[in-house]
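Hello,

Here is the structure I promised to hand over. My notes on the charged pairs and the surface follow below it.

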Amino acid sequence: MFSDNIKIIQDSFLKYKGTGMYMALFFLAILYLFLTEKNKSQKMFMVYFSCLIMVVILNPLFNKCVDSLLNKNVYWRNFWLLPMGITIAYAGVSVIKGVSNKNQKMITFLLILLIIVSSGKCIYTAENYQKIGNAFKLPEEYIEVINKISEMNLEHKKVLTTIEMIPYIRQIDAKIELAFERRPFGDYKDYEIIDYYNTGSTHSITNLCQQQNINIIVYDKAIPLQEPLINYGFKLTAQTEHYEIYVME
Amino acid sequence: MFFKLLLCILILGIVPEILGLLITQFWKEKSSILWSFIIGYFLEFAILQLLAIPMIFLKVKFTVLLYSWCAIIGVLLVLSIIMNLRKLKIKETFNLIKKQKIEPKPMYVIAIILIGLQMFIAFFYTHIDDDDAFFVATSNVTIEENSMYIISAENGSPYKEFPMRYVFSPFPLYTAIISKLIQIHPTIVAHTIFPPIFILIAYIVYTLLGIKLFYGDKEDVSRFLILLSVIYIWGNFSIYTNFSFLLFRIWQGKAILANIILPSIWLLFLKCVEENKGIINWLLLIITMLASCLVSSMGIPLAAITLGGLVVVFLVKDKKVSYLIKSGICVIPNIVYGLMYLIMK
């Protein structure tokens with residue numbers, strides 16, 4: 001009866017916990033505060049509230065009840081209800097306060113920092129962050145393409161381009177319409193125009209462009225075209241390092 | 001450029017502070033400057049939520065919402081200035097500031113550096129997130145088309161029907177409003193202006209939580225903020241955590257929910273139950289619950305669940321039925337918007 005709900009909860013928990021080390025620290029912090037915290041309000045919030053929330057969100061009955069309100073793909077957001085960071089930090093400070101010697105306090109503090117660092121994963125990596133030379137914080141070449149399209153003196157602009165570029169166009173210029181929208185879970189199987197684009201099937205691309213009133217194609221130079229687009233009424237009006245911009249004549 | 005910088009300081013700094021003073025003038029909090037700043041933002045969010053939902057369904061132009069919101073904020077600002085000016089003892093305040101000794105203790109400095117580092121990287125570096133294809137594009141479409149949820153942000157076609165999941169939490173409209181007011185493109189507002197500001201707001205909430213939890217002990221609060229900063233910076237063990245959301249995409253409403261709104265609800269509820277200051281704390285809680293509805297569709301249920309959980313736990317401890325009644329009133333916005341969504345989807 002609840003097998004689907006249990007699966008959703010399990011998948012969500014596995015996604016959220018990562019290596020599980022921070023969760024372990026969280027449970028340790030809760031245990032420590034349960035045993036040592038004298039302030040009842042603090043204890044109620046960090047220990048009992050945390051436990052109650054865990055019981056609730058890991059409960060398949062709760063998942064069943066909130067199914068209509070909470071998308072199953074994002075059930076992991078319920079774990080944001082846990083005051084994880086605050087509880088771990090509070091417990092850490094409580095441990096330090098329990099040490100009387102000043103030097104030992106510092107050593108304890110550094111040890112706790114070391115435990116946290118070795119349990120987690122630093123967010124500041126070259127993979128996660130880039131220095132981009134524009135205030136939009138979007139890939140430079142995409143901005144170049146979008147600006148060239150924006151400057152075109154056309155009443156109607158509907159663009160076919162790559163899946164990678166699609167999320168950024170309307171963030172810069174909302175007057176540009178798109179042949180297809182971004183699918184958050186990568187499900188593009190309904191869009192045959194993408195298949196034709198990725199295989200360079202010029203005839204099929206231009207046929208669909210005509211049917212869907214697409215008058216601009218931003219073509220990836222890395223994909224060889226079966227025939228030139230200019231044979232089908234498109235004119236090459238601009239290009240960037242990796243893209244050619246064709247406009248229907 | 002300089003003019004836009006001044007506008008940013010005015011709209012994103014001074015305006016929320018003065019707005020917040022409208023409420024904190026009734027407190028005798030030592031940290032009222034910090035409180036005023038976050039309350040000002042929550043007030044802006046709450047007013048926008050109340051105005052935007054009916055206007056969206058009535059298909060009103062965005063500029064009507066913009067001018068209405070500005071008018072209400074303007075009136076509240078004037079009210080706040082008038083009410084607080086009388087209490088402002090300029091000469092005494094100036095003398096008090098002169099007497100203060102600045103003692104940059106190592107812990108304070110380290111805490112400030114860590115928070116500053118997070119703000120710095122958020123401003124100068126980028127983490128690209130494809131969800132902006134909807135959220136940030138919605139802000140851009142709102143301004144360019146002067147309409148709200150009529151034209152699809154994702155492909156430019158007219159919506160066949162309102163995107164119900166997003167219409168009840170129109171945070172992109174806040175981005176659009178700020179963009180118009182400070183005369184900066186909404187994508188730049190979202191990706192460059194908002195991140196350091198919202199990270200700062202998050203840490204102000206944590207500072208106030210720290211002050212509450214450690215009874216204002218500055219050393220303990222500093223250690224708390226240092227530990228919290230390290231927890232956040234090393235919290236990328238999963239991309240689904242609130243830690244990752246704060247530092248990856250704080251300009252999105254759901255990240256604000258996880259890192260600002262939910263902690264604020266915890267903080268305000270603790271104030272409500274521990275302090276006998278009457279109606280003000282509970283009023284702030286209602287405002288924060290309204291703000292939770294604006295920032296994310298997840299905010300509607302999650303804020304209610306978090307408040308419900310706190311009520312259950314503290315009801316067992318204090319056995320005060322008044323918690324149930326007062327919290328029940330606070331959660332009315334979430335219930336109303338939740339029911340509207342369920343009926344209309």
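There are eleven salt bridges in the structure, counted over all chains. The criterion is a side-chain nitrogen of Lys or Arg within 4 Å of a carboxyl oxygen of Asp or Glu.

First, the ground rules. This is a predicted model, in which local features need pLDDT of at least 70, side-chain atom pairs count only at pLDDT 80 or more, and totals for chains, interfaces and linings use all residues. Residues are numbered from 1 along each chain as its sequence is written, chains are lettered from A and ligands numbered from 1 in the order in which they are written, and side-chain values use heavy atoms, with hydrogens and water left out.

Between chains

Asp131(B) forms a salt bridge with Arg182(A), with 3.2 Å between the closest N and O atoms. This pair crosses between chains. Asp131(B) sits in the loop between α5 (106-124) and α6 (135-145) of chain B, and Arg182(A) in the loop between β2 (177-178) and α9 (192-199) of chain A. Helices (H or I, at least four residues) and strands (E, at least two) are DSSP runs, numbered from the N terminus. Both Asp131(B) and Arg182(A) are buried. Buried means under 20% relative accessible area, exposed over 50%, and partly exposed in between (1.4 Å probe, protein chains only). A network of salt bridges links Arg182(A), Asp129(B), Asp131(B), Arg249(B) and Lys254(B).

Within chain B

Lys212(B) pairs with Glu274(B) in a salt bridge, the closest N and O atoms being 2.8 Å apart. The pair links distant parts of the chain, 62 residues apart: Lys212(B) is in helix α9 (residues 186-213), Glu274(B) in helix α12 (residues 253-274). Lys212(B) is buried, because its relative accessible area is 14%. Glu274(B) has 32%, so it counts as partly exposed.

Arg223(B) and Asp220(B) also meet in a salt bridge, at 3.1 Å from N to O. Both lie in helix α10 (residues 218-233) of chain B, three residues apart, about one turn of the helix. Arg223(B) counts as buried at 9% relative accessibility. Asp220(B) is buried too, at 4%.

Surface

Phe2(B), Leu5(B), Leu6(B), Ile9(B), Leu10(B) and Ile14(B) make a nonpolar surface patch of about 570 Å². Patches take residues with over 30% relative accessible area and no salt bridge; like charges are joined within 9 Å, nonpolar side chains (Val, Leu, Ile, Met, Phe, Trp, Tyr) within 5 Å. Areas come from the Shrake-Rupley method with a 1.4 Å probe; for residues, only the protein chains shown count as cover. Ile9(B) is in helix α1 (residues 2-24) of chain B. Ile9(B) is partly exposed, at 45% relative accessible area.

Best wishes
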